[in-house]
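Please look over the model below before reading on.

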Amino acid sequence: MKKIYICLALAALALGSCDDFLDKTPISKIDSEKYFKNEKQLQIYANGLYFDFTPDAYSLTIDGAGVNDYIARSSDSEFLLPSYSVNKEGGWTYSSWKDLFRVNYFLEHIDKARGACTSEQLNHYRGIARFWRACFYADKVKTYSDVPWYSNTIDANDTTALFKTRDDRELVMDSVLADLNYACENIKEYNNTSVTPWMALAMKSRICLYEGTYRKYHLTNPSTNQPWKEANGSRKFLEECVKASEEIMNSGKFRLYNTGKLESDYHYIFLQEAPVKQEAIWTKEYNIQFGAMHDLSNRFVSPGNNTARWSPTQEFVNTYLKRDGTRFTDDKNYKTKTFAQNFENRDYRLAQSMMPPGYTKKVGGVDKATVPSWNVTMTGYQIIKWSIPNEEAEGVNCSYNSIPVIRYGEILLNEAEAKAELGQMNTTVWDKTIRLLRERAGVKGDAPTSADPYMEAYFNNTVTDPWILEIRRERGIELFFECGSMRYHDLMRWGQGKIFEHPYGSIYIGQKGKAIDSNGDGKLDLEVVDKAPAKKESGITYINLSSSKFYEWSDTEGRLYRINNYKWDDKKYVHPLPVSATVNNPNLKQNYGWK
C-alpha cells in the first residue's frame, strides 16, 4: 500500500493539475533528473500504472455490461437512441489522453536507470509500458477507429504533432500488435511488479480476436467507409490470437477451476476475496482488511437510483442448453414454460448467474429463502453472479469479492472462435475448449452436428456455421455480465448492431388480470393489469400497464416486454469525434456518417 501511495504522489507531481490537454510544459521538467535512477524507482512507477489502469469492479461489470442485447434496463443508453448526435459526444479531453502521456513519459526515461539495471530489467519495464500503451490504443480504436498515434510525449510548442490528423486504423493496430509482441517477449515474472507475461498474452489474445473478426465482418474502415488496405489483415490478427491463446494453453500455468461441484464451481470464481489463481490471469483485487471494498452486491438487490435494474431477458435465457446437450428451444412448448421450469435440467451456469427457485442467502447468520424482487428485476430474472449470498455484503461498499479482468475461460473461447473464423475448427479444438467449459457446468459437451435455428434467428440469419453459432452461444453464457463492455464490443465486431432492436422479454406470465406464482415458491405474487385494482391483495406485486413507462404487453406471447426505443444506424459501429475536438483541430476530420 505504501508503494501505491508513493506512486500516486509521483503521478500527481508528474501530471500536475492542468485542465488543458495541450498544457504539458512543466511535466517533462520535474522528475527527469531526479527520478528513474534505479530498478526500485522503475518498479514504483510501473506499479502505479497498474494501479491506475486496472478497471474497478463497477467498470468490469455493470458499467458497460448493462448495455447489450441480453439485459433489459430501466434507463436507455443515450447512444443507442435515434436522437443521439455529435453534439452529445464527450471525451477527447486532457483526462482521456493523460494515461498515454504517462506511459510514453515512462518509456522516454527508463534508460536513465541504465547501469543500475540489467538490459533484461530495462526491457521488462519497457514491456510493461508498451503493454499499457497497447491497451490504451486498443480501447481508443474500438471507440473511434482512426486515431492519432503518438509513440512519444508531445511538447506544448510542437504544433505539428498536436494538430496532426488521425492515423489510419490499420497503422495504429499494427503498432498495437508490435507493442503487445514486445510485451509478451520481454515482461518477466518478477514478484516486484504486477504485470505478468500471461497478462500480456491474454490481452493479445483478446485484442487480436477483436480486430481480426472486426475486419472480417466489416468490409470497410468505419472512419472512412473505404476498404481495408491490407487484404489479409483479418487473418493476420486471428492467427496472432491463436498464437497467444495456445501459448497460454500449452504452458500448463492455468486451468479451469473445476472440483466436480457442478452446482457451484462456476459461481465460486466470482465470489472470492482472494483470486482463484488457477483460472484468473488478471484480477481487480479487493480486501476487507485494508478496507478496499465495492458495492456490487448492493446494486443487484437495490431498486434505488444507483441501479438500472439490470434484468436478463427471456430471449437470452433460451440460449442455455439442457444438461444432456440438447437445445431448450427444441422443446415445442419452450415459450410457455414457467420461471421454475426454465431452470429444470438446464446448464448449471443459469442458476449460478441468475437467482433460481430455492435460492438462499445468509440473513443474520441463518440461511433464508430468497426470490427475485419485481422492484429490482424488470423481467423476472435477477442477476446473482456477483452478489455475495449474505445480507451483510449488501450494504454500500460492503462487498469484498475480487473481480476477474481476464480469465482462462475467455482464452479457451478466444482460441475456439479464432480457429472457427479461420476455418480450422474441428472436434480436437472443440474438445480442448468448448467441451471443457460446458462439462464444468454439467452440460454434455459433444460438438454440434447442425446449426441451431434459434441461434441463427438470434443473429439475424447472418451466420449459418454451426461452430460459430455454438461458440457465440457459449461466449454469451460463460462471460455473462463480466469484462465490462465486452458483450457490447462482441456485437460491434460481429456487425450485429441490429440486435439492439430485438425484443427484451420477461418470463412467461400467461394473461393479464390473473395473479401467478412468478418465482416458483408456491405463492401468488404477480399480476399484470391494465388498471390498478381498487383493492390490492397482500403479497401481490401489480404491474399497471396504464401507468408504467417501461412495459408493453403481448397477448400472443403472454409476457411483458421492456419498451425498446433503440434504432440502429450502422454509423454507430464507432462513436463520432466530439465537436470540441474537431473545432480545436480541424485536421482530425469526422467519422463517416456523422455530421
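1. **Basis.** This is a predicted model, in which local features need pLDDT of at least 70, side-chain atom pairs count only at pLDDT 80 or more, and totals for chains, interfaces and linings use all residues. Residues are numbered from 1 along each chain as its sequence is written, and side-chain values use heavy atoms, with hydrogens and water left out.

2. Helices here are DSSP runs of H or I, at least four residues, and strands are runs of E, at least two, numbered from the N terminus.

3. **Phe 131.** Beyond four places in sequence, its contacts (heavy atoms within 4.5 Å) include Ala 183, Ile 187 and Trp 282.

4. **Helix 9.** Helix 9 spans residues 169–186. Of its 18 residues, 13 are buried (under 20% relative accessible area; exposed is over 50%, partly exposed in between; 1.4 Å probe, protein chains only). Asp 168 caps the N-terminal end, with a side-chain oxygen 2.8 Å from the backbone nitrogen of Glu 170.

5. **Hairpin.** Strands 11 and 12 run antiparallel, joined by 4 bridges. Trp 553 stands opposite Leu 560. In the turn, Gly 558 has a positive phi of about 70 degrees.

6. **Cysteines.** There are 0 disulfides (cysteine sulfur pairs within 2.5 Å). Cys 117 is buried at 8% relative accessibility; Cys 398 is partly exposed at 27%.

Notes:
Two strands pair if DSSP finds at least two bridges between them. The expected span of a helix is 1.5 Å times one less than its number of residues. A polar contact is a pair of N or O atoms within 3.5 Å; within protein, one must be able to donate a hydrogen and the other to accept it, and residues adjacent in sequence count only if both atoms are side-chain atoms.
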